[in-house]
Amino acid sequence: MGIKIKDIPVLYRPREKAIYHGINTLNDYELLAILIGSGIKDCSAIEIAINLLKTYFSLNNLATIDYQELIKFRGLSKATALRLVVAFDLAKRLLQKEKCFKYFSAEELAKHYQYLNNEQSEILLLLILNQNNEIIKEKVLARGTKDAVLINQQQIIKEIILAEAKRFIIIHNHLDKAYPSEDDIVVTSALKNIAKKFNMTMIDHLIISPHSYYSFKDNKMFEKV
């Protein structure tokens, strides 16, 4: 059973909650619900907001989704999809002068992206960096099974070209041990070689698990693949 606006006490509905309790009391899906405005016949604005976050994993990733993809999402009209894109773009402009998270080491990255261990399946994350090793874009590219996730090399190259960048890192999680599988090694080798053809640098492939992490760079695997 979904969350219906009419079932929520008036003062705790997203708009009223923002007005009477302060906008800082709203969680991510409540803020999204206000931007969405209204739902459809069998799906409230709150349900649509929750579905968006479930589908795109986090606000950071949702902010990278373009208008053409958003208008295909169930419950979003063209006007609403545009409103979301505009809201996220305004946020990006406000943050443009903020210092980007800078890559220094695999250990630091593993700590920063430990949230991947909350997932019940493998997730592939692409980090795109500028020449100063600042992460200018991060995007979840795929959700897999408990044992594997598809690494689409063409999609990775396309994302880097669109970002007008040359440096990147891929991260994925293992639900048990962080050591790479044979498939991980083979696919990493292929991606590294394809990237070279586009004059791109694959800085690292990081595997994160609940108790450890594995860096292809630190383990000198790039010299072997």
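Which residues in α1 meet Glu30, Ala33 and Ile34 in α2? They are Pro14, Arg15, Lys17 and Ala18. Keep in mind as you look around that this is a predicted model.

Let's stay with those helices for a moment. Two packed helices are described by the angle between their axes and the distance between the axes. For α1 and α2, the axes come within 9 Å and cross at roughly 110°. That makes α1 roughly perpendicular to α2, because angles from 65 to 115 degrees go by that name. If you sort the residues of this contact by class, you get 4 nonpolar, no polar and 3 charged.

Two of the residues in that contact, Lys17 and Glu30, also pair up in another way. Their side chains meet in a salt bridge, at 3.1 Å from N to O. This pair links distant parts of the chain: Lys17 sits in helix α1 (residues 14-21) and Glu30 in helix α2, 13 residues apart. Are these two buried or exposed? Both Glu30 and Lys17 are buried.

Now follow the chain on to the next helix. Helix α2 (residues 28-36) also packs against helix α3 (residues 45-56), with axes that come within 8 Å and cross at roughly 120°. The crossing of α2 and α3 is right-handed. On the α2 side, the residues taking part are Asp28, Tyr29, Leu32, Ala33 and Ile36, and they meet Ala45, Ile46, Ile48, Ala49, Ile50, Leu52 and Leu53 in α3. By class, this contact has 11 nonpolar residues, no polar ones and 1 charged. Spot Ala33 in the list: this residue of α2 meets α3, and Ala33 is also part of the contact between α1 and α2.

Back to salt bridges. How many does the structure hold? The count is 6, and the Glu30 and Lys17 pair is one of them. Another joins the side chains of Glu107 and Lys111, at 3.8 Å from N to O. Here both partners lie in helix α7 (residues 106-112), 4 residues apart, which is about one turn of the helix. Glu107 has 43% relative accessibility, so this residue counts as partly exposed. Lys111 is exposed, because its relative accessible area of 59% is over the 50% cut-off.

A further salt bridge ties Lys139 to Glu159, with the closest N and O atoms 2.9 Å apart. This one links distant parts of the chain, since Lys139 is in strand β2 (residues 135-143) and Glu159 is in helix α8 (residues 153-162), 20 residues apart. Lys139 is buried, and Glu159 is buried too.

For a last stop, find Ser121. Where does this residue sit? Ser121 lies in the loop between α7 and β1 (123-129). With 15% relative accessibility, Ser121 counts as buried, because the cut-off is under 20%. What is Ser121 in contact with, leaving aside its neighbours within four places in sequence? The partners are Gly144, Thr145, Lys146, Asn173 and Leu175.

How values were computed: Residues are numbered from 1 along each chain as its sequence is written. This is a predicted model: local features need pLDDT of at least 70, side-chain atom pairs count only at pLDDT 80 or more; totals for chains, interfaces and linings use all residues. Side-chain values use heavy atoms; hydrogens and water are left out. Axes are lines fitted to C-alpha atoms, for helices over the stretch in contact, and angles run from 0 to 180 degrees between N-to-C directions. A crossing is left-handed if the near helix is turned anticlockwise from the far one by less than a right angle, and right-handed if clockwise. Contact means heavy atoms within 4.5 Å. Ala, Val, Leu, Ile, Met, Phe, Trp, Tyr, Cys and Pro count as nonpolar, Asp, Glu, Lys and Arg as charged, and the others, Gly among them, as polar. A salt bridge is a side-chain nitrogen of Lys or Arg within 4 Å of a carboxyl oxygen of Asp or Glu. Buried means under 20% relative accessible area, exposed over 50%, partly exposed in between (1.4 Å probe, protein chains only). Angles under 35 degrees count as roughly parallel, over 145 as roughly antiparallel, 65 to 115 as roughly perpendicular and the rest as oblique.
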